[in-house]
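Subject: A structure to look through

Dear colleague,

I am passing on a structure that I have been reading through, and I would ask you to keep it open while you go through my notes. After the display I set out what was found, beginning with the relation between the chains.

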Number of protein chains: 2
Amino acid sequence: MHPSPITALPGPYLLFLGDTTEPGYAKTAFGLRDWAPDRCIGEHVLAGGSVSTGLPAMTPAQAHAQGARAMVIGVANAGGFIPSHWVAALVEGLEAGLDIVSGMHARLRDIPGLRDTADRLGRQLLDVRQPPEAIPVASGRRRSGKRLLTVGTDCALGKKYTALALAGAFRDRGIDADFRATGQTGILIAGGGIPMDAVVSDFAAGAAELLSPAAAPGHWDIVEGQGSLFHPAYAGVSLALLHGSQPDVLVVCHQAGRKAMLGYPGYAVPTIEETICMAIRLGQRTNPAIRCAGVSLNTAHLDADVAARLLEDEARRLDCPVADPMRRGEAFERLVAECLAPA
Amino acid sequence: MHPSPITALPGPYLLFLGDTTEPGYAKTAFGLRDWAPDRCIGEHVLAGGSVSTGLPAMTPAQAHAQGARAMVIGVANAGGFIPSHWVAALVEGLEAGLDIVSGMHARLRDIPGLRDTADRLGRQLLDVRQPPEAIPVASGRRRSGKRLLTVGTDCALGKKYTALALAGAFRDRGIDADFRATGQTGILIAGGGIPMDAVVSDFAAGAAELLSPAAAPGHWDIVEGQGSLFHPAYAGVSLALLHGSQPDVLVVCHQAGRKAMLGYPGYAVPTIEETICMAIRLGQRTNPAIRCAGVSLNTAHLDADVAARLLEDEARRLDCPVADPMRRGEAFERLVAECLAPA
């Protein structure tokens, strides 16, 4: 992977799981284990904790001896804060030579015990929700290299995993491709990126330009989408990301059967066709050659045979490749091939 | 005017002009004199300065005695910073009992002499470029009252003055109407508002909801537009503002003859028709009843007779009211009437 132009996180990671007993709170750790296995060398569970990623258990000192350079807080809790009884373990990590990386809302530097130790030892406290400083206003200028953006009908339905799966499939075919992360989990997986939702509005499109810079003509940036152009709260972020990333290719992401926007019950999820039309229409502003290669349909809640039939039916109905990247198979191969088809 | 739900600036103002000799740097002061005469009771010019608003000259102490409650820095300079030789005059203002208000990039609290004096005296240092804290994510819920948004084909062509002129015309007709400011000059004029461009992306639509809250059924909020839905850098801000303000009525603003986006020479200015279509299409997401009442055409650079003919021709071509609010007249009356027509 090319280094991100922005945040570059130290690695590999020791995954910190605290004393968590609820697997639902450890989604970040599981995502890292599944999507960034090369970046994860072990886990650190405190007394009382019962959640495990299955990675080798090790202390911060053992992890450092085996090459770890950062301890990543791989769990959330309901309040998004860092409980006081975790602080000693994080300090132990700093003293063992590890930087601390967090995707939580609470800022690491606001915890005096951590800040003082990190400053004394010259270690880093890295909050991946903090965007870099000095992001420029977008220039709108075209740049070399190819870009793909995953575009959603709604939030939280597979834009990140679709982008990761496509980047992996491109690389499997010998193509130079980078996953470009725009949210906290994606940034931890990629080891860098920009948290688009935290960028000041005026610079949001500029952040997307910075995230997918000029590259070799055959290089692909696979940009993780955010929100939806139809989202009553986040459409502005989605449009800034579309304009700034100037994608050559879109893949529209949808969850089979989702009818109402998550958390916005009065708002219907737009149709796939509407989403394609609107994304093309708006995206043409900064890349007149933009095209939609197909659809990523999240069928995780369906049985395999029902899902397979639905993917076929939708591909016929929409007249384009429709695949669930988590199920791979021929449908996914067709989607990848269409992404890479000459414009 | 209803108090803004957000920043509420103290007033009336003493306009601080420093030692400026270049009228172009005093646009903020001139705008305040022209659009907020009730908020401006005098000006304060330092030795060496030659620019005047024509308002009575007074010292901070004299201004305070006559009711002033804030001194507004009504000039910019090339660097956007506050020269050290202005600081003594600003301190004098604080000591005279005035708060200091600035629209510059440099933050007032970062100037030690000002911060210390303000803290000692309990005076406020107010940077109108700083958005309020704790802006919520947009809810998307409909709210009572009527809203109008000015929507531009580009930046800097009259969205703020159109909104001010419409709010004034509504009030002249006995309608309860508030101008809702979204940029720094507008905020100084209105005495409150939210600088949309400085809000973190995820909260931009939420800021627009906060700025134009639920109101009496007959009340109108006239919201100052920002950017353009076709702007390669700022379209995200424009879309967030459109979604969050949920306008019932749009007025599209354009400058006669402008062909290329300001500062983006490769980008053509969209047509008025395209802009109407796109704004309606996107705005329907949060207000299905949205409609365009007409066009505000900036003809400041044209002779009166040429402008009058152009406004007529455009009204015929577009089949809707087209007016230059700075020229008032019958065309503007038609635009106002169409804004207020029953939906």
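Predicted model: local features only at pLDDT ≥ 70, side-chain atom pairs only at ≥ 80, totals over all residues.

Chain A as a whole

Chain A contains 11 helices and 15 strands. Its radius of gyration is 20 Å, close to the 20 Å that the globule rule gives for 343 residues, so chain A is as compact as a globular protein of that length. Of the 343 residues in chain A, 58% are buried, while the chain exposes about 13400 Å², of which carbon and sulfur atoms supply 53%. Taking the contacts in chain A between residues at least 6 apart in sequence, 75% of them join residues that are at least 24 apart.

A sheet in chain B and the helices on it

In chain B you can trace an open sheet of 5 strands, whose order is 3-2-4-5-6 and whose pairing is parallel. Its edge strands are strand 3 (40-45) and strand 6 (125-127) of chain B, each of which pairs on one side only. On average, and with direction ignored, neighbouring strands of this sheet are turned by 25° against each other.

Within this region, strand 4 (residues 70-73) and strand 5 (residues 99-102) of chain B pair in the parallel sense over 3 bridges, and Val72(B) stands opposite Val101(B), which belongs to strand 5 of chain B. Helix 3 (residues 84-95) of chain B packs on the sheet and touches strand 2, strand 3, strand 4, strand 5 and strand 6 of chain B, with a direction that makes about 155° with that of strand 4 of chain B. Helix 1 (residues 27-35) of chain B lies across strand 2 (13-18), strand 3 and strand 4 of chain B, and runs at about 155° to strand 2 of chain B.

A cis peptide bond, with omega about 0°, joins Gly11(A) and Pro12(A), and Pro12(A) is in the loop between strand 1 (7-8) and strand 2 (13-18) of chain A. In chain B, the peptide bond from Gly11(B) to Pro12(B) is cis with omega near 0°, and Pro12(B) is in the loop between strand 1 (7-8) and strand 2 of chain B.

Ala156(A) has a phi near 50°, a positive value in a residue other than glycine, and is placed in the loop between strand 7 (146-152) and helix 5 (159-172) of chain A. For Gln246(A), too, phi is near 50°, again positive in a residue other than glycine; this residue is in the loop between helix 8 (235-245) and strand 11 (249-255) of chain A. Is Ala156(A) buried or exposed? At 59% relative accessibility, Ala156(A) counts as exposed, whereas Gln246(A), with a relative accessible area of 1%, is buried.

An enclosed helix and a buried aspartate

In helix 8 (residues 235-245) of chain B, 11 of the 11 residues are buried, so this helix is largely enclosed by the rest of the structure. Among these buried residues are Val237(B), Leu239(B), Leu241(B) and His243(B). The cover over them includes helix 8 of chain A, together with strand 7 (146-152), helix 7 (204-211), strand 10 (220-223), strand 11 (249-255) and helix 9 (272-283) of chain B. Just after helix 8 of chain B comes Gln246(B), which takes a positive phi of about 50°.

Finally, please look at Asp221(B), which is in strand 10 of chain B and is buried, with a relative accessible area of 1%. Leaving aside residues up to four places away in sequence, Asp221(B) touches several residues, including Lys146(B), Arg147(B), Asp178(B) and Arg180(B).

With best wishes

Definitions and conventions: Residues numbered from 1 in each chain as written. Chains lettered and ligands numbered in written order. Heavy atoms only, no water. Pairing = 2+ DSSP bridges. Helix = DSSP H or I, 4+ residues; strand = E, 2+ residues; numbered from the N terminus. Axes fitted to C-alpha atoms, helices over the stretch in contact; angles between N-to-C directions. Contact = heavy atoms within 4.5 Å. Rg over C-alpha atoms; globule rule 2.2 N^0.38 Å. Buried < 20%, exposed > 50% of the residue type's maximum accessible area, 1.4 Å probe, protein only. Areas by Shrake-Rupley, 256 points an atom, 1.4 Å probe, with all protein chains shown as cover.
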